[in-house]
Amino acid sequence: MIPLPALSFLILTVQQGQTPADWKDVDRALGRPEGAAGGSVQNNVYRVGFPRSDLHVKVGPVAVKPALALGSWVAFKQTSDSTAMLMGDLVLLESEVGPVIDALRQGGIEQTALHNHLLRESPHVVYLHIAGQGSRVALATAVHGALSHTATPPATAQPQKPMPLELDTARITAILGAHGKANGGVYQLSIPRDGAITVDSVEIQPAMGVATAINFQSIGPGKAATTGDFVMIASEVNPVIQALRANGIAITALHSHMLTESPRLLFMHFWGEGDALALARGLRAALDHMNVKRS
């Protein structure tokens, strides 16, 4: 039996006159070995993560797990049998930025933002947002070449051992009104906006980086560190800031990630530490000021 998401994707691509991509050519171009855990397919978007497990970053006393705030990723949206639109976010040390940008540009991939997401982290990391259109294999090859200028660990065919969450995910889910997933010892939630988002007249799916991301990492019994980013239109920014600050959650960055999106979007990153459920309630208060979809 074909799973419902895969069936929906098959129907959509057939209606558009496309052959559904199996994405194996992208995996090969990205240097992923046969048998390595694949990326995730959502609608006609293939998203692949590159955790920076080589980095040992701390924010104050908190040792940041890769899934909390150190996960590079790229997403490919199929636009024809062999082409795609690419978006992504690469986590880099300052020394890696120049060589990575040069390699991406040689491969036809543009940069749409370069900035911080965290504050007071050590070592300092920056985030490079990227975009491109064309042959999906050529795009993946360019990403692979760019990542070779970093110490990003390659994917392996060995299954990853699940890491304990040590969080009351059921209550966090109930408070936030959204379901999450466990990933590398972190509870990750993705909350899409309600309404279409386009780039160059192409509709962009949430998996391409336009959904609010909220991550929780346990830092002790009943306690968590939380970070992520709210995806907002301009009128939502200050009400969200007010709600977060009223609940003791720090604002760490406010900026754009893209260049030609419609409507114009602003991305606000945050950091909070303390009682996990109190943090969840503070984040929910902020979400209540936004036009988001609810589970």
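Trainee: Which residues touch the most other members of the largest nonpolar core?

Mentor: The model is a predicted one. Its largest nonpolar core holds 31 residues. Those that touch the most other members are Ile-172, Leu-176, Ile-214, Phe-216, Phe-230, Leu-244 and Leu-283.

Trainee: Which element gives the largest share of this core?

Mentor: Helices H6, H7 and H8 are among the elements that give two or more residues to it, as are strands S11, S14, S15 and S18. With seven residues, the largest share comes from H8.

Trainee: How many residues does the second core have?

Mentor: The second core is separate and includes Ala-29, Leu-104, Leu-139 and Ala-142. Two of the residues named here, Leu-139 and Ala-142, are also buried residues of helix H5. The number of residues in this second core is 28.

Trainee: Why do the buried residues of H5 line one face of the helix?

Mentor: In an α-helix there are 3.6 residues a turn, so residues three or four places apart point the same way. The buried residues of H5 are Arg-136, Leu-139, Ala-140, Ala-142, Val-143, Ala-146 and Leu-147. They line one face because, seen down the axis of H5, they fall within an arc of 155 degrees.

Trainee: Which element gives the most to the lining of the second largest pocket?

Mentor: This pocket has a volume of about 200 Å³. Its lining includes Lys-24, Asp-27 and Arg-28, together with others such as Trp-23 and Tyr-46. Helix H2 spans residues 24-29 and is one of the elements against which the buried residues of H5 pack. The element that gives the most to the lining, with three residues, is H2.

Technical notes. Residues numbered from 1 in each chain as written. Predicted model: local features only at pLDDT ≥ 70, side-chain atom pairs only at ≥ 80, totals over all residues. Heavy atoms only, no water. Buried < 20%, exposed > 50% of the residue type's maximum accessible area, 1.4 Å probe, protein only. Helix = DSSP H or I, 4+ residues; strand = E, 2+ residues; numbered from the N terminus. Arc of directions from axis to C-beta. Contact = heavy atoms within 4.5 Å. Core = buried A, V, L, I, M, F, W, Y, C linked by side-chain atoms within 4.5 Å. 1 Å grid on protein atoms, 1.4 Å probe; cavity = no way out; pocket = protein on both sides within 12 Å on 5 of 7 lines; lining within 4 Å. Points joined across faces, edges and corners; volume = space filled by probe spheres on them.
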